[in-house]
Amino acid sequence: RLEKVLGLSIPEGDTLDILRRLGMDVHQQTDGWKVTPPAHRFDIELEEDLIEEVGRIVGYDKLPNTRPQGAMQMKPRTETRLNQRRVRHFLVDQGYQEAITYSFVSPEMQALLAPDDEVVNLQNPISSDMATMRTSLWPGLIQAMQHNLNRQQDRISLFECGLRFVQQDSELNQEMMVAGLRSGPDLPEQWGSAARTVDFFDVKRDVEALLGLAAKADEILFEVAANPALHPGQSACIKRNGQRIGWLGALHPQIAKKLGVGKNIYLFELSLSGILAAQVPAFRALSKFP
C-alpha cells in the first residue's frame with residue numbers, strides 16, 4: 001500500500017523505525033501493521049495519514065514523479081442498435097428544442113395526466129410541487145410550455161429524453177423515454193406561406209420519421225386507443241411488432257381547460273428501448289448482365 005500510494009519502495013524496517021520515532025504504537029500483524037497514534041496527534045485518522053507521515057520523513061524530494069496510466073478500450077459499435085444521440089439530433093433537425101426538466105412533479109399534475117398510475121412519493125421533497133416521481137415526461141414539457149406561453153412565445157416545439165419511474169408491485173422500474181410537444185404555428189411567421197397551426201398529422205409525421213430511423217414501415221402500427229391525458233378522438237397507441245412502445249395525440253380538452261391553456265397541444269411519448277433496435281442493412285449482389 002505504501003509503494004502504491006507513494007510510488008517508492010521503502011524497506012519494512014525503515015517504516016517501522018519511522019512510525020515508532022514519531023511516537024506511534026506499532027504492532028505487526030499477518031496482513032500489515034496496527035498503528036495507534038499518540039493522543040496529541042488528532043490529525044492521524046486514516047491509513048493515508050500514516051502513509052503521509054512516512055513520506056514526510058523519507059523526504060518529499062525523494063518521491064518519484066509518475067504519471068497515471070490507463071488502458072483505452074475500443075468498444076465495437078453495433079449496427080443493430082441506434083445511437084441515442086442520433087435520436088436527439090434528428091428531433092433538433094425537425095425543429096424541436098431539447099428541454100431538461102425535473103424528475104419530480106407535483107402530485108396534482110401527475111394525477112391530472114396519469115390518474116391510474118401507481119406513483120412514488122418522496123419522503124423529503126424539495127417543495128410541495130415536486131413531491132412525486134414522474135411516470136411520464138409530459139408534465140415537465142407541459143410546464144415548460146406554460147412558461148413559454150406566459151412570455152408570449154406561442155410557437156412551441158419541445159422534446160426531452162429522460163427517465164420515468166413506474167412502481168410495479170414492490171419494484172421501482174426506471175425506463176428511458178423520449179417525449180415531444182408541439183403547439184402554435186407550424187412555421188415561423190413569413191411571407192412565403194400562409195399561417196397554419198400544428199395539427200395531429202404534423203406530429204404523426206414527426207413520429208413516423210423518427211421511427212423510420214430504425215424500424216421498417218410494416219413493423220409500426222398506429223392503433224386507436226384511449227389515454228386519460230389525450231383527446232378521445234385524437235389519440236393513438238403506437239406499436240412495434242405488436243408491442244406497445246408509446247402514445248400520440250392531442251391533450252385532453254378538459255385538462256387544457258384546467259391548466260388555462262386555450263391552444264391545441266399535441267404530444268407524443270416513446271420508449272427508447274422500443275425504437276433503438278435497428279435493422280441491419282442487407283446486401284445483395286448486382287446482376288452481372290445488363
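## Hairpin β8-β9

Strands β8 and β9 are connected by a hairpin of 5 residues. Helices and strands here are DSSP runs numbered from the N terminus (H or I and at least four residues for helices, E and at least two for strands). Strand β8 covers residues 220-224 and strand β9 residues 230-240, and the two pair in the antiparallel sense over 5 bridges. Two strands pair if DSSP finds at least two bridges between them. L221 has K239 in β9 as its bridge partner.

## Basis of the model

This is a predicted model, in which local features need pLDDT of at least 70 and side-chain atom pairs count only at pLDDT 80 or more, while totals for chains, interfaces and linings use all residues. Residues are numbered from 1 along each chain as its sequence is written, and side-chain values use heavy atoms, with hydrogens and water left out.

## The sheet

An open sheet is formed by 7 strands in the order β3-β6-β7-β11-β10-β9-β8, with mixed pairing. Strands β3 and β8 are at the edges and have a single partner strand each, so one side of each lacks a neighbour in the sheet.

Within this sheet, β6 (residues 156-168) pairs with β7 in the antiparallel sense over 13 bridges. L163 is opposite M176 in β7.

## Helices on the sheet

Helix α4 packs on the sheet and touches β3, β6, β7 and β11 (265-271). Contact means heavy atoms within 4.5 Å. The direction of α4 makes about 145° with that of β6. Axes are lines fitted to C-alpha atoms, for helices over the stretch in contact, and angles run from 0 to 180 degrees between N-to-C directions.

Helix α6 (residues 138-149) lies across β6, β7, β9, β10 (243-251) and β11. Helix α6 runs at about 150° to β6.

## Crossing of α4 and α7

Helix α4 (residues 84-93) and helix α7 (residues 200-211) have axes that come within 11 Å and cross at roughly 145°. The crossing of α4 past α7 is right-handed, a term for a near helix turned clockwise from the far one by less than a right angle, with anticlockwise giving left-handed.

On the α4 side the contact involves V87, F90 and L91, and on the α7 side D206, A209 and L210. The residues of this contact divide into 5 nonpolar, no polar and 1 charged. In this scheme Ala, Val, Leu, Ile, Met, Phe, Trp, Tyr, Cys and Pro count as nonpolar, Asp, Glu, Lys and Arg as charged, and the others, Gly among them, as polar.

## I156 and E189

I156 is in strand β6 and is buried, with a relative accessible area of 3%. E189, in the loop between β7 (171-183) and α7, counts as exposed at 85% relative accessibility. Buried means under 20% relative accessible area, exposed over 50%, and partly exposed in between (1.4 Å probe, protein chains only).

Leaving aside residues up to four places away in sequence, I156 touches M145, N148, L149, L181, R182 and S183. The C-alpha atoms of I156 and Q146 are separated by 9.9 Å, with the two residues 10 residues apart along the chain. For E189 and R155, 34 residues apart in sequence, the C-alpha to C-alpha distance is 9.7 Å.

## T101

T101 is located in the loop between β3 (97-98) and β4 (104-105). Its side chain makes polar contacts with the side chain of R134 at 3.1 Å and with that of E160 at 2.8 Å. A polar contact is a pair of N or O atoms within 3.5 Å; within protein, one must be able to donate a hydrogen and the other to accept it, and residues adjacent in sequence count only if both atoms are side-chain atoms. Not counting residues up to four places away in sequence, T101 touches R134, G140, L141 and E160.
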